[in-house]
Amino acid sequence: MDSVPYLALASALAGLGLAAFYFRAVQAAPPGTGRMVMIMTEIQKGSRAFLNQQYRWVAGFVVVMAVLIPVVTGVALSFVSYLMGAVLSAGAGYAGMTVATMANARTTNAARGGSAPALRVAFRGGAVMGFAVAGLALLGLSFTYLLFVEWLEADDAFEIFTAFGLGASSIALFSRVGGGIYTKAADVGADLVGKVEAGIPEDDPRNPATIADNVGDNVGDVAGMGADLFESYSGSIIAPVALTAFTFALGANEITGGLSEVVQNRLLVFPLAVAFVGMIAAIIGSFAVRGSAGTDVKSLSRQLHMGTNVAMGLTVVGTLVVGGLLFGGDGVGGGNWYGLPVSVIGGLLAGWAIGKVAEIWTSDHYRPVRKIAAQSETGPATTVLSGLSAGMVSVAASVVLIGAGVLVAYWGGQQTLGGTAFAGVYGIAVAAVGMLATTGVVVSVDAYGPIADNAGGIAEMSELDPSVREVTDALDSLGNTTAAIAKGFAVGSAALTALALFKSFEVALARAAAEGGEVFELSLDIGRVDVFIGLFLGAMLPFLFAALTIDAVGRAANKMIEEVRRQFRDIPGLREGKEGVSPDSARCVAISTKASLREMMLPGALAVVVPLVIGFVDVDSLGGFLAGALVTGFSLAIFMANAGGAWDNAKKYIEAGHHGGKGSDPHKAAVVGDTVGDPFKDTSGPAMNILIKVMTIVSLVFASAFV
């Protein structure tokens with residue numbers, strides 16, 4: 001049992017070693033023609049410039065929080081783990097962005113030889129992001145646990161451990177919001193002026209916003225997504241550890257059911273054990289994605305998902321073994337050792353099922369996307385309405401699945417640990433770990449999408465044979481679906497993690513009050529006016545957050561649209577494609593960078609400031625607030641991600657030759673639907689799962705100050 005944190009640390013290093021291996025494999029692939037290398041270099045420069053500026057802006061916020069946390073909470077060393085979480089999260093995003101901007105031209109060049117080599121290069125580029133995220137997160141968590149809990153045996157060791165999650169959340173929130181605003185401002189500007197007004201193809205080299213659009217894919221869908229999953233993965237492990245530590249520290253047998261110290265220690269390391277199993281499984285699973293013949297999306301999908309399926313199967317087996325070793329044999333717990341492994345496996349399957357719902361509602365192989373494409377024949381209004389309804393229906397299916405997952409996880413916890421509420425909630429907490437245990441390969445499949453998207457843009461701008469663009473379009477269409485699946489895992493785990501963190505927050509309040517000689521119990525009685533008001537405020541905030549981020553995209557896109565129109569109007573021969581005439585792409589990159597950095601601050605600060613203000617006014621209101629935000633935030637995240645993905649793939653389905661094909665009136669209607677969906681799926685929706693966890697973990701870290 002004492003070896004579990006060391007095994008987790010070793011597996012994290014193995015994951016980082018695999019990331020280095022894939023990095024070298026991508027680096028060794030030929031980048032193509034001089035024109036392709038030049039475009040790749042421009043995208044790299046724009047991406048680096050944005051991230052450098054963004055991290056400088058966010059660094060100020062991080063420093064303020066690093067000072068504020070120990071001052072307000074009285075836990076002096078908490079700033080160390082907070083900074084560690086922030087720095088590693090930023091590092092994971094930067095590493096992923098660096099390799100993605102190397103892999104894009106190499107994927108385009110590989111696509112000249114068919115879909116199989118292109119799939120291999122794009123997946124390996126994504127795998128660097130995937131294993132950098134999982135490896136750095138698990139490395140930071142296991143090292144923090146060993147340092148403060150095992151080696152130093154620090155006072156308030158678990159409060160220090162929890163601050164790691166807040167550091168990761170701080171970077172994730174601003175990375176997702178800032179990167180999402182950047183990428184969608186450029187995308188919307190490029191699409192509306194280029195495809196709709198000027199009638200030129202997507203990623204046409206004449207369009208000044210094309211380079212900015214490709215930069216956005218990397219800073220939003222790679223760096224932002226990496227920070228998002230880093231935070232999700234870290235939070236899922238922190239939640240059950242914090243719940244166990246704070247509950248046992250309270251010392252109430254009626255809560256724990258009289259579980260022994262031996263059980264407590266095993267419950268503390270069980271999440272790290274599951275993470276260890278998942279990391280090894282993901283490493284093995286990544287080698288199952290080989291890339292073979294077959295250009296249709298279904299064939300490519302089978303190849304890409306093979307890695308995830310292998311990793312999931314190995315995780316199931318490994319979790320059963322770990323559960324038997326920790327909770328079987330010597331009669332530890334309630335005797336039913338299989339309960340907690342069932343909780344983990346239930347979470348893993350619920351995450352997979354939510355991802356499958358996303359695939360059904362966002363893939364053009366299923367009815368919802370084809371229905372949206374058919375509705376485009378009657379104009380943009382019906383296209384938008386059909387996408388909205390598809391997204392809403394997908395919420396119903398996802399909520400049912402998350403409810404089933406919660407029930408299974410709760411039952412599993414009580415089977416092993418007895419019939420207490422703590423046992424059930426612990427089961428829910430480790431279900432979130434199960435959902436994200438295979439993060440390495442899940443993120444690999446997700447990050448592959450933006451690389452394929454960039455590859456298509458480079459093929460168009462380099463004026464390669466149309467057959468190359470056909471290959472990259474097939475890869476990109478699949479990428480929209482894999483992105484929606486990964487978002488399903490992220491938001492599903494967010495719901496379970498937030499619930500466990502909420503319970504930890506409740507226990508932390510009671511413990512802080514007990515240390516002051518008082519008795520405090522958080523109330524969630526909606527008959528109380530303060531709880532009722534908090535519930536409605538929490539239900540409102542995700543909508544306000546979504547509105548702020550969508551408005552931010554609209555304002556930034558407006559500047560981009562005006563600039564593209566100006567260049568088409570003022571640069572002679574640009575729109576006609578006259579030889580020797582090129583657009584001022586750097587101007588568009590600068591517009592997106594400036595607008596996104598300015599616009600990200602208010603929504604980001606809202607997630608931290610609002611729960612602190614409510615908590616210092618009335619703690620019961622804060623409890624209602626967190627509950628309301630969890631429910632509406634989860635639903636909005638699913639709705640936005642799936643509606644946006646459905647609109648995007650409906651457009652691509654038409655571009656493949658259905659319903660009139662490119663340039664037709666249905667295609668123009670589908671472009672409008674895709675434009676509406678862009679901030680849904682890539683800005684507001686993905687940031688929603690970070691929002692609900694940031695507010696919960698902020699409340700947990702500052703719980704002692706509230707009472």
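Are Trp 647 and Phe 680 buried or exposed? In this predicted model, Trp 647 is buried, and Phe 680 is buried as well.

Confidence was examined next. The mean pLDDT of the chain is 90. A score of at least 70 is reached by 97% of the residues. Helix H1 (residues 4–28) has the highest confidence, at 97. The lowest is found in helix H7 (residues 253–256), with a mean of 66. Where pLDDT is low, predicted coordinates should not be read in detail.

Aromatic contacts come next. The model contains 20 aromatic pairs. One of the pairs joins Trp 647 and Phe 680. Their ring centres are 5.8 Å apart and their planes meet at 70°, so the pair is edge-to-face; planes over 60 degrees apart fall in that class. The pair links distant parts of the chain. Trp 647 lies in helix H18 (residues 619–655), and Phe 680 lies in helix H19 (residues 665–701). The two residues are 33 positions apart. Elsewhere, Tyr 6, Phe 143 and Trp 151 are linked into a cluster by ring pairs.

The surface carries a nonpolar patch. Its members are Val 63, Val 67, Leu 68, Val 71, Val 72 and Phe 616. Together these residues have about 520 Å² of accessible area. Helix H2 (residues 34–73) supplies the largest share of the patch, 5 residues. Val 72 is placed in helix H2. The relative accessible area of Val 72 is 30%, so this residue is partly exposed; that class lies between the buried limit of 20% and the exposed limit of 50%.

Terms used. Residues are numbered from 1 along each chain as its sequence is written. This is a predicted model: local features need pLDDT of at least 70, side-chain atom pairs count only at pLDDT 80 or more; totals for chains, interfaces and linings use all residues. Side-chain values use heavy atoms; hydrogens and water are left out. Rings of Phe, Tyr and Trp (its six-membered ring) pair if their centres lie within 6.5 Å; planes under 30 degrees apart count as stacked, over 60 as edge-to-face and the rest as tilted. Helices (H or I, at least four residues) and strands (E, at least two) are DSSP runs, numbered from the N terminus. Buried means under 20% relative accessible area, exposed over 50%, partly exposed in between (1.4 Å probe, protein chains only). Patches are made of residues with over 30% relative accessible area and no salt bridge: like charges are joined within 9 Å, nonpolar side chains (Val, Leu, Ile, Met, Phe, Trp, Tyr) within 5 Å. Accessible areas come from the Shrake-Rupley method with a 1.4 Å probe; for residues, only the protein chains shown count as cover. A salt bridge is a side-chain nitrogen of Lys or Arg within 4 Å of a carboxyl oxygen of Asp or Glu. pLDDT is the predictor's confidence in each residue, from 0 to 100.
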